[in-house]
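Visitor: Hi! Could we look at the salt bridges in this one together?
Guide: Happy to. Here it is.

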Amino acid sequence: MTKTLSARSEGPVTDAVAPLDVVRAHPLCAETPTSVLPLAVTPRESVYVRSNFETPIAHGAWTLAVGGAVRAPFTLSLADIAALPMHTVLATMECAGNWRLGMDPVPTGEPWKYGAVSTTRWRGVSLAALLDRAGVHDDALEVVAVGADAGPRDDAEGEVRFERALPLEVARHPDTLVAMHMDGVPLTAHHGAPLRLLVPNWYGMASVKWLTALDVRTTPFTGYFQSKRYVYDVNGTTTPVTRALVKSMIVLPALHAETAADTVVRGWAWSGSGAIIRVDVAVNDQWHRATVGRAASAYAWTPFELSVSLPPGEVTLRSRATDASGAVQPERIAWNALGYGNNAIRPHTVRAVSGECSDGQS
C-alpha cells in the first residue's frame, strides 16, 4: 500500500529560531543549523548565507539597469520595481560548495559541511517581463546579472565584481525572479537586499545578490565568477557550474543521535534536472525502497521516509535519490579542484537502542 507523504515539518523542531552555523565571519558564510533541516520551509533567520565579498549597503536610490543587446534599455528605481506584478516561488537553494568537507582530499574553498541548503519563499518580478520590456535582440545568448558586491582576489588583477551569466532560455523562465522579498518580508542585507535573482533548479551562485544590472549579451560571458570560480575544474579542464545535481540527505534520526530500534528514517531529496521519483535508504549495507512524498512546489525538496527496525548499536544509514531525468546519486563524485557539486551518498551514523518506535525522533 502506498503511503502519501506531504512536505511538512517533521520531528522535534520548535518555533524557536536556531542561529546560523558560521563558517566564516567576514565576509559572512554560514550554514542552516542541523536542528532546522527537518523543516519543510526554512525560517528566514536560518537560511544559509554565502558571501564572496563584504555586504553592500542598500539605499533608497538603488536602481536596476537593463541593457546590452536590447532595443530599448531602461533603468528602474526600487519604487518602479515594487509597482510591477509579482509572484511567489517556493524553492530549495543549495550552495555549489555544499559538503566540500566530504571530498577527499578536501579542495580549496569555504569548508562547508552539509547545511548550505535551505528552502524558502521568494517574491519578485519575473525577469522575463523585464526582458520583454527591453526588447531582446534575436541573436542574444545570455543575460549577465551584475551584483554590487566586489573586491580583490588573489588570482585576479584589480577589483572583481560578482557577475554570473544565465542562458537566455533560463532567464526567460517565468519563475526566474528579480526578488525583493524572502519569506514574506523584504530581503535582509545578507540575503541580497534590496534586489537579487532567484533562479530555481540552479545552484545558489546563479541567484546573484545585490543586483544592480542585467546585461544581455550575444557572446559567451567569461568573467571571473564564470570562468575561474563556480566551475568544475577537472585536470585543468573547466566547465561552469549550473543546475543542482540530484541529492538527498537524512535529517531524522539526527546524526549521531540515539534512537529507538523501531524508527522512521526521514529526509529530503532534490534535483535541478527533474522531479524526485525514487529514494533508497541503506541500513548498514542493505538497501530498502523508501516512500517518496510530494514536494510543496516544483522547485522544493521532496520528503521521503522509511519505517525500519534497526539492529542494536551503531548503525550507518545512507540515502540515494533518483530523478526523472534518470540521474542517480553516485557513491563518489569525480573530484574537482574547487570542490563543487558534491552530491555523493553521505553516511549518516546513529545509535539504535531497544524501545518503542520513536517515529524518527532522537
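Visitor: Which residue forms a salt bridge with lysine 247?
Guide: Glutamate 94 does, and the closest N and O atoms are 2.6 Å apart. A salt bridge here is a side-chain nitrogen of Lys or Arg within 4 Å of a carboxyl oxygen of Asp or Glu. Do keep in mind that this is a predicted model, where local features need pLDDT of at least 70, side-chain atom pairs count only at pLDDT 80 or more, and totals for chains, interfaces and linings use all residues. Residues are numbered from 1 along each chain as its sequence is written, and side-chain values use heavy atoms, leaving out hydrogens and water.

Visitor: Is lysine 247 buried or exposed?
Guide: Lysine 247 is buried, at 6% relative accessibility, and glutamate 94 is buried too, at 3%. Buried means under 20% relative accessible area, exposed over 50%, and partly exposed in between (1.4 Å probe, protein chains only).

Visitor: Switching topic, what does arginine 278 meet in a salt bridge?
Guide: The side chain of aspartate 280, at 2.9 Å from N to O. Shared partners join Arg278, Asp280 and Arg320 into one network. Arginine 278 is partly exposed at 33%, whereas aspartate 280 is buried at 5%.

Visitor: And which residue pairs with aspartate 155?
Guide: Arginine 229, with the closest N and O atoms 3.1 Å apart. Aspartate 155 is partly exposed, its relative accessible area being 32%.

Visitor: How many salt bridges are there in the whole structure?
Guide: A search finds eleven.
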